[in-house]
Amino acid sequence: MDKSLINNPFIVGKYLSDEYFCDRKTETDFLRKQIENGRNVALISPRRIGKSGLIRHFFNQADILEKYHVFFVDIYATNSLAEFVYTFGKEIYEQLKPQSTIWKEKFFQTISSFRMGFKLDPMTGAPGLDLGLGDIQAPQTSLDEIFSYIDEADKPCIIAIDEFQQIGDFSEKNVEALLRTKIQKCQKAQFIFSGSKRHMMTNMFNSPSKPFYQSAISMGLDPIPLEVYSEFAIQLFEKRGKQIDSSVIEDIWNRYNGYTWFVQMMMNELFALTEDGAICHVDMIPEAQRNVVMSQENGYKDILSNIPPKQKIVLQAIAKEGVANSITSAKFIKKYNLNSASAVQAAIKLLLQNDIITKNENSYRVYDYFFAEWLAKVY
Ligand SMILES: Nc1ncnc2c1ncn2[C@@H]1O[C@H](COP(=O)(O)OP(=O)(O)OP(=O)(O)O)[C@@H](O)[C@H]1O
Ligand SMILES: [Mg+2]
């Protein structure tokens with residue numbers, strides 16, 4: 001066994017390299033083709049399938065790195081144009097920091113509203129950016145400057161804006177139109193917009209009255225096929241002197257419908273539970289599942305503490321049911337001692353809005369499989 005290998009090869013929550021990333025070859029090629037032909041892409045899929053991972057993987061390809069500057073701007077936590085500009089500008093600076101090009105040197109010259117953030121490290125003398133959110137006094141001016149800066153770039157840029165639907169919730173109402181204009185005029189960059197709120201994303205890109213209408217090629221993302229994932233997982237075990245029954249992988253994949261985050265979390269734990277030289281069997285699944293669910297418990301308690309009692313009752317009923325059909329039927333209401341069909345309707349609406357549950361045709365489930373498990377069995 002090679003001792004230089006990373007200990008647990010099932011990586012969750014970050015991107016390391018090709019070696020720990022399963023497949024997505026077709027999707028990576030699709031992205032490359034769109035970008036090389038001057039098209040922007042709107043990447044839309046349910047949460048936890050692997051959108052951010054795919055973008056990072058695409059950005060890690062040798063040919064892409066050589067030809068382009070790549071920027072990954074995650075705007076999940078932003079609520080206003082000022083926060084957007086702050087996050088965007090910082091990402092550009094951080095990416096360029098290690099380089100010593102003329103373009104990089106022009107950063108503070110062109111983006112003069114960021115100049116006050118220029119700092120020299122007292123120990124090393126290395127330049128850095130130390131800006132506070134409050135320093136963004138005129139966000140539109142800063143945005144203009146950032147786009148002017150991008151247009152001076154020494155090679156083309158690809159800018160991914162992750163959780164793009166967030167701009168629909170910004171306190172200012174004109175951000176969509178403003179950004180659309182900037183992006184359209186920008187000569188040096190192409191964009192990947194990714195998001196998980198299907199309704200908001202498709203509305204932004206597919207409705208004729210919206211600024212971003214037809215400004216990007218839509219792209220969905222399906223789960224990684226079982227056979228492909230299975231081969232990936234087996235070789236990761238084998239490289240580290242362990243083995244896994246293919247029936248374990250099949251069970252996990254089916255349990256979580258191939259949703260990458262849940263599958264990777266379970267495989268990470270199963271790998272940890274398998275002794276060196278041993279074989280991972282199906283009878284290890286319950287313990288792995290218990291461990292994973294319990295490792296998330298604090299987060300689940302936090303979520304629950306923010307859900308009003310009327311929604312909580314409905315949420316738990318859905319969790320206990322697994323996949324819940326006819327939730328406003330007399331039968332379902334009686335089974336879980338719920339109030340009335342209209343009360344259930346009202347609760348469902350808010351739970352959907354807050355991404356706690358998902359709807360597929362007429363059935364509902366708790367979107368986070370581990371949370372569902374915890375609600376049904378532990379809580
Ligand atoms: N092809 C892959 N191979 C191995 N692991 C992956 C792959 N794609 C994603 N992952 C892992 O799965 C997890 C979920 O992926 P990711 O964060 O990319 O999903 P997402 O669709 O962006 O989710 P969200 O909508 O919640 O942001 C990540 O922790 C990542 O490490
Ligand atoms: Mg993501």
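User: Is Cys 280 buried or exposed?

Analyst: In this predicted model, Cys 280 has a relative accessible area of 0%, so the residue counts as buried.

User: How many disulfides does a search of the whole structure find?

Analyst: The search of the whole structure returns zero disulfides. Cys 280 is in none, and the nearest cysteine sulfur, that of Cys 22, is 17 Å away.

User: Now the charged pairs. What is the general idea, and how many salt bridges does a search of the whole structure find?

Analyst: Side chains of opposite charge can pair when their charged atoms come close. Here the search of the whole structure gives 14 salt bridges.

User: Which residues are linked in a network of salt bridges?

Analyst: One network links Lys 25, Asp 29, Arg 32 and Asp 63. Within it, Arg 32 meets Asp 29 in a salt bridge, 2.8 Å from N to O. These two residues both lie in helix 1 (residues 25–36), three residues apart, or about one turn of the helix.

User: Where does Asp 63 lie relative to Arg 32?

Analyst: Arg 32 and Asp 63 form a salt bridge with an N to O distance of 2.7 Å. Asp 63 is in helix 3 (residues 62–67) and Arg 32 in helix 1, so the pair ties together parts that are 31 residues apart in sequence. Asp 63 is partly exposed, at 26% relative accessibility.

User: What does Asp 355 form a salt bridge with?

Analyst: Its partner is Lys 197, and the closest N and O atoms of Asp 355 and Lys 197 are 3.9 Å apart. The cut-off is 4 Å, so the pair counts as a salt bridge. Asp 355 sits in the loop between helix 17 (341–353) and strand 10 (357–360), and Lys 197 in the loop between strand 6 (189–195) and helix 9 (198–206). The pair links distant parts of the chain, 158 residues apart. Asp 355 is partly exposed at 29% relative accessibility, and Lys 197 is partly exposed at 28%.

Note on methods: Residues are numbered from 1 along each chain as its sequence is written. Chains are lettered from A and ligands numbered from 1 in the order in which they are written. This is a predicted model: local features need pLDDT of at least 70, side-chain atom pairs count only at pLDDT 80 or more; totals for chains, interfaces and linings use all residues. Side-chain values use heavy atoms; hydrogens and water are left out. A salt bridge is a side-chain nitrogen of Lys or Arg within 4 Å of a carboxyl oxygen of Asp or Glu. Helices (H or I, at least four residues) and strands (E, at least two) are DSSP runs, numbered from the N terminus. Buried means under 20% relative accessible area, exposed over 50%, partly exposed in between (1.4 Å probe, protein chains only). A disulfide is a pair of cysteine sulfur atoms within 2.5 Å.
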